[in-house]
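Here's a quick briefing to read with the model open beside you.

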Amino acid sequence: MSGEDILGTVRRIVRAAAGEKAALDGLTDDTDMFESAFLDSVSTVELIASLEKEFSIKLRDEDVFSPRFATIRSIAELLQERESG
Amino acid sequence: MRLEIKLERAIAAESIPLLRSHLAHCDPGILSFDVSGAASGQVTVDLEAGASAEQATRRVQKVAARVVATGLVPPTKILERVSFEGITYQDDITRRLEEAGWLLALGRGAWGTAGALAALIRAFDDDFRKCALELGASDARFPSLLRTSFLNRIRYFDSFAHHTTFAIHLRPDVDALDAFSERMRRLPNGIDVVSEAAPSTMILSPTVCYHLYDALCDRSVPERGLSVTALGSCYRWEGSNIEDLRRLWEFSMRELIVVGTKDLVLDVRQRAMELTLDYCRRLGLEAWLENANDPFFSADASTKSAYQRGFGMKWELRLPYTASGESLAAASFNNMQRTFAEPCAIRLSNGETAFSGCIGWGLERWAYAFIARHGMSVQDWPDEIRARCSGES
């Protein structure tokens, strides 16, 4: 999957997890989703499960709870590294 | 009777504090428990005579399953640490305090303080209040009573029913009042059930910030945000986890609550952490800031805990009180995001839902750790504190 494809897929999955909040408050690729409260505890777990399913990977706890797991763009970069690694 | 219970899954070290908290509320037949084998998937409990081993096993397995349900275990993160060379700690603090007459045993989880200990707690409160004022807060006072209608609005009982201490009063019924008085004369140690109680609409507040959120429901905060500080008595039933000043049923907390934009909340929280660490440095207290979570008791406890701990929503300041590294969470710095503002419909002046945060300093724990570090001789205490406590010993 290309970098653009990964970004697009992450964007779709994040927006699905954030639900109506994503549309209401203008979530961008560089918004910190946790500081900005787009994601709560339940939607975060949904996001992790969806990413793992879509990309057929197991995300490590240290990936999920790292500062990089904060924006759509940084999550896409993380996944791209995992794919190429 | 000792019972060794096999858990469905091993408990990660980071999740053991949550398991320990849960086990105290798990089964009335459990007298004590040992979680040292939890990392290998086993918990040992002591049951009172006649208690059901089958029921205790099922309940222990039930709460353990909640702790690990998501399988997510956020790693422990230390944000910052204050260290000193050659630190020693005194032990047996509670006995020493009682012998000095500074600590008064008044029932389970309830202690009075006197002498230099009372002055020390007052000094801590003064200093944390000053810190809050420096960060833009204004003073407030709140009652201990808190209405259950507010708690239902924020769905408090979903997560923290186990901590609840109800405030009850008797029915306006002369026969019931007479019957109650008569019964109390025959029961010097108290009663199990108050059958004459009226339906309760209040609890004794488990925290200080809830009153502000209650007062702000369906309102807007000014554009610059709103910061308030208050000292409160807080009530959390902790079951068998209750132990001296380290874990009380009733404790004293100074809080700073901030409601406004996301940037305001994060800025105040950051500055409060820096000021509190500076304070530790000045007082010669070792300390560190560590990611943490509240003791959620709900079926989704592990989801909420992992989120709070993993994404830095809650940082706790831990103060060690033994050379082997035992420590107390003496302050917490919380980014509540919109957890309260959303259900309470608290808005910014532009109509958007506000953000909030709170900082809580647990005063008895500060005093306990301070005395473990500096001892009971007031003249040996750091100048900044000694000046306000001398003459009180």
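B:I78 sits opposite B:E290 in β13(B). This is a predicted model, so local features need pLDDT of at least 70 and side-chain atom pairs count only at pLDDT 80 or more, while totals for chains, interfaces and linings use all residues. Residues are numbered from 1 along each chain as its sequence is written, chains are lettered from A and ligands numbered from 1 in the order written, and side-chain values use heavy atoms, with hydrogens and water left out.

- Two strands count as paired if DSSP finds at least two bridges between them.
- The whole open sheet has eight strands, ordered β4-β13-β14-β15-β16-β12-β11-β7 (chain B), with mixed pairing.
- β4 (78-82) and β7 of chain B are the edge strands, each with a single partner, so one side of each has no neighbour in the sheet.
- β7 (residues 138-139) of chain B runs parallel to β11(B), over two bridges, and B:D139 has B:T229 as its bridge partner in β11(B).
- β11(B) and β12 (residues 250-260) of chain B run antiparallel and are joined by ten bridges; B:S227 stands opposite B:V258 in β12(B).

**The three-stranded sheet**

- A second open sheet goes β8-β10-β9 (chain B), with antiparallel pairing.
- Here β8 (145-147) and β9 (166-167) of chain B stand at the edges with a single partner strand each, so one side of each lacks a neighbour in the sheet.
- β9(B) and β10 (residues 202-204) of chain B pair over two bridges, and B:A167 has B:M202 as its bridge partner in β10(B).

**What's tucked away**

- Strand β11 (residues 226-235) of chain B has seven of its ten residues buried, so the rest of the structure largely encloses it; buried means under 20% relative accessible area, exposed over 50% and partly exposed in between (1.4 Å probe, protein chains only).
- Helix α8 (residues 209-216) of chain B is also largely enclosed, because seven of its eight residues are buried; among them are B:Y210, B:H211 and B:L212.
- Just after α8(B), B:D218 takes a positive phi of about 65°.

**Around A:D40**

- A:D40 lies in the loop between α2 (20-25) and α3 (41-55) of chain A.
- A:D40 counts as partly exposed because its relative accessibility is 35%.

Key. Helices (H or I, at least four residues) and strands (E, at least two) are DSSP runs, numbered from the N terminus.
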